[in-house]
Every structure is written in structure tokens, then in C-alpha cells.
Amino acid sequence: MSKAQRRVRIIHFFEIFLGLGILFGGILFWLYSTEHQASKEAFHKDVETYLERISDSVEQDLEDIYGDSLFLRNYIEKFNIGKRFNSEEKLLVENLFIEFARARGDYNQIRFLSLAGDEVIRVNKSDLEVESVSESELQNKSKRYYFEESVKLDRNQIYVSPMDLNIENGLIEIPYKPMIRIGTAVYGEDENRIGVIVNNFCGQQLLNRIQNYYSKTLDVELELELLNEQGYYLKTVEAENEWGFMFGNEYSENNLKLENEVLWDKILNHKKYKEILDEEQYYVRKIELDRSKNPNYSVVSDYKNWILMARVPHGVIDSKMDYIKRRYMSFFIFTMITIAGIAFLISYYSSKKIEYNEKLNKLAYTDKLTGLDNRFLFMKSLKQYLNRLVRYEEDGALFFLDLDGFKYINDTYGHEAGDILLTRVAGRFRGLMRESDFIGRIGGDEFTILAVNVQSKEEISKIGQRILEEIRRPYIINGQKMEIGISIGIARLPQDGLEQEIVLKKADEAMYYVKSSTKNDYCFYEDMEHTEM
């Protein structure tokens with residue numbers, strides 16, 4: 001039996017099992033539905049109890065965080081420090097921050113900032129150690145929202161930022177680090193503000209409480225989610241839907257308010273505990289961010305609440321149906337394992353086919369040594385680009401490149417060193433050019449580059465100059481320092497033609513013009529003609 005025939009037989013076998021699986025799932029769902037109503041109230045109570053425990057625990061954590069901020073502020077203020085720390089005071093506060101970060105373990109940064117937003121002291125905590133940041137690495141945070149909010153605080157106020165992802169040097173830190181920033185204004189001996197304490201609390205500790213949990217009463221898993229007041233997911237079962245507000249428009253649709261506005265209105269207007277019916281069942285409780293048991297201070301926050309929500313698919317079974325659930329679940333698991341095995345076989349054969357085709361394409365279109373496009377693929381790409389130039393009114397440039405001194409490397413150090421050098425050169429080309437450009441090796445030490453959508457001759461010249469400078473940099477191969485140059489001929493597109501053989505010939509002639517004169521330089525075909533005239 002051929003491979004194609006075996007694949008058809010496997011797909012047919014899969015279709016049979018898929019049909020049986022759907023039928024089995026329907027029967028199982030019917031059994032769930034018929035017995036669900038009898039224990040519905042008990043199930044509701046169980047969910048409410050869990051939500052209450054989780055939300056109370058999170059609110060207590062927040063209370064402890066607020067207390068930490070006040071502790072640090074009060075400790076600093078008792079020394080009646082002026083607007084500037086002296087060296088002894090700074091060392092004292094640094095040691096306090098370090099010992100506090102070690103003891104608490106939940107803060108990755110503790111900072112004291114001046115009224116101008118300059119970091120005066122910053123302590124960082126990593127997985128291994130806690131250390132104070134040197135003065136040269138301290139930054140100005142005057143434009144950060146948490147500083148702008150904190151520096152305005154009265155003595156009896158604490159600012160709590162929204163929970164978001166930590167950003168370092170303008171980029172979201174990977175792996176994601178959920179962060180809550182707590183700001184407190186510090187007052188000096190004259191009762192005027194002298195600065196701000198900002199603590200970065202690692203929000204993952206709070207989020208770890210918001211996860212799928214196991215109900216001992218019902219023997220089922222409930223999906224727990226945490227959202228902010230704008231409807232964005234901070235914690236959900238589908239992790240790719242989290243933190244949509246951090247990634248711009250592409251991910252802004254990961255928002256329950258946008259997904260279901262009617263449901264969102266029900267959630268915002270619910271009582272403390274409320275079952276909300278939609279396509280699924282939702283149980284909701286609000287976690288109050290500004291809740292405080294201490295009457296001596298108040299919490300200032302951009303959001304007043306988080307929304308803790310349990311999402312429960314209809315048809316979930318109750319405790320009295322456990323014996324039925326276990327029996328049918330065993331059938332379901334067995335069926336799913338069987339279907340998974342079939343799916344694996346199908347995907348295995350499909351992937352093998354794709355892998356085989358990719359290998360064929362690579363052999364047909366890729367230069368074996370450098371991994372660049374071979375002559376056939378490059379010429380094909382050049383022809384396609386020339387065909388679209390007029391239609392889209394673009395400008396491009398074709399570079400014909402020949403290494404200077406490569407024969408000497410081959411003769412002196414051997415062909416193995418020469419091959420290594422060619423791969424290094426190819427790597428430098430890749431680093432220089434854009435992904436939209438085309439790079440090819442058309443033979444020996446000759447290369448071609450098609451730069452697409454370049455706006456001017458000046459821009460093309462800059463590319464040529466960068467190539468010269470990059471290729472001239474020394475190479476260390478087998479412990480030997482080697483240097484080469486490169487001669488570059490350039491044809492402008494469409495100015496020098498729209499036929500691939502013509503523009504390639506012109507770029508080649510410009511390269512040989514450089515090769516026969518100065519070497520290690522570049523020349524436009526149009527300039528070469530002008531020079532010969």
C-alpha cells in the first residue's frame with residue numbers, strides 16, 4: 001500500500017471516530033443537563049464561598065502592601081531629613097531598602113525619588129540577590145505616570161497604580177512581570193515634601209490566587225478570571241488574551257466589555273455575589289483596591305476595583321452525579337485519547353510531507369554553502385520585482401559584488417578557510433540588509449543584492465558605503481586574522497532598465513569598472529558611463 005493510500009485510510013478512520021466522539025459528547029451533555037438543576041443552589045454557594053476567600057485574601061495582601069509603604073515612609077521621616085540626603089543618611093536609607101526587600105521578597109524595586117523625579121536611591125531584587133543601583137544607572141522618572149500621581153499626594157494618602165507589565169528601556173520585559181507600583185510622598189522636617197517612595201510590587205503573587213481551582217464538593221474545575229474596570233483581562237484561562245491594553249490596537253479586542261457589552265453592564269451592576277446568565281454562567285465579586293482598615297490614610301487609585309469572575313460552562317455536574325461523571329468521563333477520556341492518537345498520525349504524515357517539500361525547495365533555490373538565494377532564485381526574484389516596478393512606481397537598486405583578495409585567502413590558507421570566509425561575508429550581508437531585500441550568491445565570490453523601494457541615489461550610496469565598511473572589517477578564521485575588500489557595481493531601477501539580463505549586465509560592468517581601477521569601492525553604472533565619456 002502506498003503512502004498516499006495509507007494517509008487516505010487514516011483520514012477516513014479519523015472521520016469515523018470524530019463522528020462517534022460528537023455523538024458521545026451529546027449524550028454526556030444530556031446526562032449533565034438532566035441532573036444539574038437538583039444541586040444548583042449548593043453549587044452556587046460553593047462558588048460564592050471560594051470567591052469570598054480569594055477576594056478577602058487578595059484585599060488583605062493589598063492592606064499589607066499599603067502598610068509596607070507607610071512603614072518605609074515613617075522610617076525615613078523620623079530622621080527629619082532635609083530635601084537632600086547626606087552620605088550618611090543615604091547609606092542608612094539604602095540599607096533599610098535592602099533589608100526590607102530581602103525580608104519581604106515580593107518587591108523587585110524600591111526607590112526614593114526627588115521632587116524632580118530623579119532616582120536618588122534604587123534597590124533592585126533579582127532571583128539571586130538584592131543590591132543597590134549605582135549612581136550612574138539611576139534614571140529620571142518625572143514623566144512616568146506613577147511619579148506624577150505620587151508627587152501630588154497629601155501626607156495621609158497612598159497612590160496605587162493599575163496592575164500592568166514591567167517595562168525596561170521602553171520594551172515589555174520578557175517573561176512578563178505583572179507589577180503594581182505603590183507611591184507615597186515623604187515629608188521633611190519643615191512639613192514640606194522632600195520626595196517620593198515608589199515600591200514595585202510583584203503582582204504575580206496576587207495573580208497566583210486567581211487560577212483554576214478544584215471544588216472538593218462538586219469535583220469540577222471552575223475557570224477564574226481577573227479583569228480591570230475597563231474590561232481587560234489580567235488573569236484568564238487563555239493566557240494569550242491577557243494584558244491586551246499593553247500591546248496596542250492589535251490586541252485591544254481582548255476585552256470582555258467589547259466582546260459582550262450587555263454582559264459587562266450586568267457585571268458592573270451586580271450585588272456582592274450574583275449569578276449572571278449569558279451563554280455561560282458567571283459569578284462575580286469585586287475586589288476593592290481602595291479598601292483600607294487604617295483610618296489614618298486613604299488610597300488613591302486610577303481604578304477602584306478589580307473584577308473577580310468565575311466562568312462556568314452550562315451543564316456542569318453536581319456532587320450527587322459524581323459516580324455518573326466518573327464513569328462517563330472515563331469513556332470521554334478514552335475517546336479523546338483515541339482521537340488524539342489519530343490526529344497525531346495525520347499530523348505526522350502531513351508534517352513529513354511538508355518537511356520533504358521544504359528540503360526540495362531548499363536544494364533547488366538555496367546556495368548550499370552560504371544559505372543565500374542561488375542564481376536561479378535570485379534571477380526569478382529580480383524578474384518579479386522588475387515587473388512590478390512600474391505598476392507601483394517604486395525605485396530600487398541592483399548591487400553586483402565581487403570580493404577583492406579572496407583568491408589570495410584561498411591560495412594562502414586553503415579552500416576550507418575560503419568557504420568559512422564566504423559564509424561570514426553572507427552573514428554580514430544579512431545583517432546589513434532588510435528582510436524585504438534579496439541577497440544571492442551567483443557563483444564563486446560573486447554576490448548580488450536587490451534593495452527594494454529605495455527613495456534616492458543618496459540612500460543607495462549609503463547602503464554601498466555600509467557594505468564597504470562592513471566587509472572591510474577583519475575576519476578571524478582558524479585563529480588567523482584575514483582582511484578582504486569588495487568591488488561593487490550598482491544599477492538603478494528602473495532608470496537603468498526593466499529587463500533582468502540588461503540591468504544585471506550593467507551592474508556587472510560597473511563592478512568590473514571598480515575592479516579594474518580603484519577596487520574596494522562602489523560605482524553607479526550611470527556614473528561609469530559619464531566617466532568614460
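Me: What makes up the lining of the largest pocket in this predicted model, by class of residue?

Reply: The residues that line the largest pocket divide into 7 nonpolar, 9 polar and 9 charged. The pocket holds about 500 Å³ of space, and of its 25 lining residues, those closest to the centre are Asn108, Lys125, Ser126, Glu173 and Lys177. Two or more lining residues come from each of strand 1 (107-113), strand 2 (119-125), strand 3 (130-132) and strand 8 (178-187).

Me: What makes a space a cavity and not a pocket, and how many cavities of 30 Å³ or more does the search find?

Reply: In a cavity a 1.4 Å probe fits but cannot get out, whereas a pocket is an open set of points. The search of the whole structure finds 1 cavity of 30 Å³ or more, and the space in the largest cavity is about 30 Å³. Its lining consists of Asp395, Gly396, Val454, Gln455, Ser456, Ile460, Arg492, Leu493 and Gln495, which by class gives 3 nonpolar, 4 polar and 2 charged residues.

Me: Why is Lys457 called partly exposed?

Reply: Lys457 has a relative accessible area of 22%, and because buried means under 20% and exposed means over 50%, a value in between is called partly exposed. Lys457 is therefore counted as partly exposed. As for its place in the chain, Lys457 belongs to helix 12 (residues 457-472).

Me: Which residues is Lys457 in contact with, leaving aside its neighbours within four places in sequence?

Reply: With those neighbours left aside, Lys457 is in contact with Arg492, Phe524, Glu526 and Asp527. Of these, Phe524 is 67 residues from Lys457 in sequence, while the C-alpha atoms of the two are 9.2 Å apart in space. The side chains of Lys457 and Glu526 are joined by a polar contact of 3.0 Å.

Me: Why is the pair of Asp527 and Lys457 called a salt bridge?

Reply: A salt bridge needs a side-chain nitrogen of Lys or Arg within 4 Å of a carboxyl oxygen of Asp or Glu, and the side chains of Asp527 and Lys457 meet at 3.0 Å, N to O, so the pair counts as a salt bridge. This pair links distant parts of the chain, since Asp527 is in helix 14 (residues 525-532) and Lys457 in helix 12, 70 residues apart. Asp527 has a relative accessible area of 30% and is partly exposed.

Me: How many salt bridges are counted by this rule, and what does the pair of Asp404 and Lys515 tie together?

Reply: The count comes to 24 salt bridges, and one of them is formed by Asp404 and Lys515, whose closest N and O atoms are 2.6 Å apart. Asp404 lies in strand 17 (residues 396-404) and Lys515 in helix 13 (residues 500-516), so the pair ties together parts that are 111 residues apart in sequence.

Me: How do you know whether Asp404 is buried or exposed?

Reply: The relative accessible area of Asp404 is 9%, and because buried means under 20%, Asp404 is called buried.

How values were computed. Residues are numbered from 1 along each chain as its sequence is written. This is a predicted model: local features need pLDDT of at least 70, side-chain atom pairs count only at pLDDT 80 or more; totals for chains, interfaces and linings use all residues. Side-chain values use heavy atoms; hydrogens and water are left out. On a 1 Å grid over the protein atoms alone, a cavity is a set of points where a 1.4 Å probe fits but cannot get out, and a pocket is an open set with protein on both sides within 12 Å along at least five of seven lines; lining residues have an atom within 4 Å of a point. Grid points are joined across faces, edges and corners, and a volume is the space filled by probe spheres set on the points. Ala, Val, Leu, Ile, Met, Phe, Trp, Tyr, Cys and Pro count as nonpolar, Asp, Glu, Lys and Arg as charged, and the others, Gly among them, as polar. Helices (H or I, at least four residues) and strands (E, at least two) are DSSP runs, numbered from the N terminus. Buried means under 20% relative accessible area, exposed over 50%, partly exposed in between (1.4 Å probe, protein chains only). Contact means heavy atoms within 4.5 Å. A polar contact is a pair of N or O atoms within 3.5 Å; within protein, one must be able to donate a hydrogen and the other to accept it, and residues adjacent in sequence count only if both atoms are side-chain atoms.
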